[in-house]
Amino acid sequence: MRVIVLGAGLLGVSSAYYLQQLGHEVTVIDRQAAPGAETSFANGGQVSVSHAEPWANPSAPLKVLQWLGQEDAPLLFRMRADLHQWLWCLSFLRNCTPARTRHNIRQIVNLGTFSRAALQQLRRDTGIQYEQRTQGILHFYTSAKEFDAALAPAEQMRQLGCERRVIDADEAVRIEPALAHIRPRLAGATYTAEDESGDANLFARELATLCMQAGVHFRLGEHITALRTAGGAIDHVELTNAEGRFERVRADAYVLALGSFSPLLARPLGLKLPIYPAKGYSVTIPVKDARLAHEVSLTDDEFKLVFSRYTSAQGDRLRIAGTAELNGYGRELNATRCQAIVRRVEQLFPGAGHTEQAQFWTGLRPATPSNVPLIGRTHLPNLFLNTGHGTLGWTHSCGSGKALADIVSGRVPEVDFAFTGMAAAQPGPHLQAA
Ligand SMILES: Cc1cc2nc3c(=O)[nH]c(=O)nc-3n(C[C@H](O)[C@H](O)[C@H](O)COP(=O)(O)OP(=O)(O)OC[C@H]3O[C@@H](n4cnc5c(N)ncnc54)[C@H](O)[C@@H]3O)c2cc1C
């Protein structure tokens, strides 16, 4: 079958890889000059099945209210005259009940465990290298209240097969000696030995190269303007090609993997995707003193930041990423939010990095209110979704791509997950809120 994948981010590239593996003739279209150039460019670098607690959880409404108007808040809603933002927020609130939270954690962990195994298999099959580290992920807590609140979700994750072990401050420092500096302030930690980290952008580019070598055609620098239907199915894609000319491109099946921009192209088709851009920040800092810098990938729960370390010919760097701002599609840097991250790095690991050389970046996470991505069928028989991966797009990329390729091929995916398969009048379980 001829399949067009719309979008060459982590989700588009992984879809293309697994579709090609199943024998399809695949074309990937993206407006950027290289794969992974938008949200998949400089993320936190974690493959973190253990990061499965959704933003929408029972403690979120109060926290969000407390953070309203606070410029450096980890999760900041800036309310706009935007119906889509309001509907998204309503749906977010509906996902904060204990029952919805448990349901969403189950989806996120199931997909995460499947996806991490698929990534490890991919590494064995292809030898792909992306500055990966397999030393696990350590979540640390500097607030006793937050640590206590994390115990029940961690227990649920363990029951679902994610070995997120609760440990004390001493063990946390044994696993990551660079935390010694804040040992007196550590309330506790959890450690997931199977989780990993690496450079997600390098991964996307290397995987795209493997796809090209296997025959996948990449049309880069081409701007998709519309999807057109005929006879109740997608008939063609309209785009402005690399020469600036209008063009129609046809295939047998189409995969929508345009990240935060997916709902904009889906809406004219009568498909309301509950995705809203959640702007996140990352900071990349050259290491000054390697002995003071962390080796293990970390999650700082209080500040909602993740930390990864990259050591390669490009130099020894720290990547710190996180925070979320719901404020439309703007990607401008807010100096207060940038400086809050740098201050936290200096507090935790003083002297570790050349913070004066910090490089800042923002990206728009394609966030669903539940944190559960949209993967599967739509009411149009030849249009498929692989989008809405929010905070965990890399963690979920291989599993989502593999499952999606099965669905497109008429096979049943190997993972227990609430795939979309909605009819126009009857949306799937986590699309109802749209
Ligand atoms: C600060 C931050 C930290 C993060 N940290 C992590 C982490 O540690 N671990 C993790 O698992 N995830 C993390 N994420 C999430 C992860 O990066 C995203 O979920 C993932 O990159 C989304 O990939 P995507 O392919 O869906 O979207 P994108 O990477 O945005 O890809 C969509 C593609 O569609 C193209 N496109 C859009 N519209 C058009 C159009 N009209 N025509 C042509 N092309 C178009 C774009 O050019 C883009 O290449 C983080 C995100 C952020 C912002």
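**View 1. I224 and its bridge partner across two strands.** In this predicted model, I224 has L239 of strand 11 as its bridge partner. The two strands here are strand 10 and strand 11 (residues 233-240), and seven bridges hold the pair in the antiparallel sense.

View 2. Next up is an open sheet of seven strands with mixed pairing, and the order to trace is 9-2-1-13-20-19-21. Strand 9 (217-220) and strand 21 (420-421) sit at the edges with a single partner strand each, so one side of each has no neighbour in the sheet. As a reminder, strands of a sheet pair through backbone hydrogen bonds, either parallel or antiparallel.

**View 3. Strands 1 and 2, with two helices packed on the sheet.** Strand 1 (residues 2-6) and strand 2 (residues 25-30) run parallel, joined by five bridges. Look for V3, whose bridge partner in strand 2 is V26. Helix 1 (residues 10-21) packs on the sheet and touches strand 1, strand 2, strand 9, strand 13 (253-256) and strand 20 (383-387). Its direction makes about 165° with that of strand 1. Helix 10 (residues 397-408) packs on the sheet too, touching strand 1, strand 13, strand 19 (374-377) and strand 20. Compare its direction with that of strand 20 and the angle is about 170°.

View 4. An N or O atom in the side chain of E38 is 3.0 Å from an oxygen atom of the ligand. For the side chain of T39, an N or O atom is 3.2 Å from a ligand oxygen. W394 uses its backbone instead: an N or O atom there lies 3.0 Å from an oxygen atom of the ligand. Taken alone the ligand exposes 1000 Å², and the protein buries 98% of that.

**View 5. The shell around the ligand.** Step back and 36 residues surround the ligand, the closest being D30, S40, Q46, G390 and T395. Helix 1, strand 10 (223-230), strand 14 (276-286) and strand 18 (359-367) each supply at least two residues of the shell. Strand 18 gives the most, with three residues.

Key: Residues numbered from 1 in each chain as written. Predicted model: local features only at pLDDT ≥ 70, side-chain atom pairs only at ≥ 80, totals over all residues. Heavy atoms only, no water. Pairing = 2+ DSSP bridges. Helix = DSSP H or I, 4+ residues; strand = E, 2+ residues; numbered from the N terminus. Contact = heavy atoms within 4.5 Å. Axes fitted to C-alpha atoms, helices over the stretch in contact; angles between N-to-C directions. Near = heavy atom within 4 Å. Polar contact = N/O pair within 3.5 Å; in protein donor to acceptor, adjacent residues only side chain to side chain. Areas by Shrake-Rupley, 256 points an atom, 1.4 Å probe, with all protein chains shown as cover.
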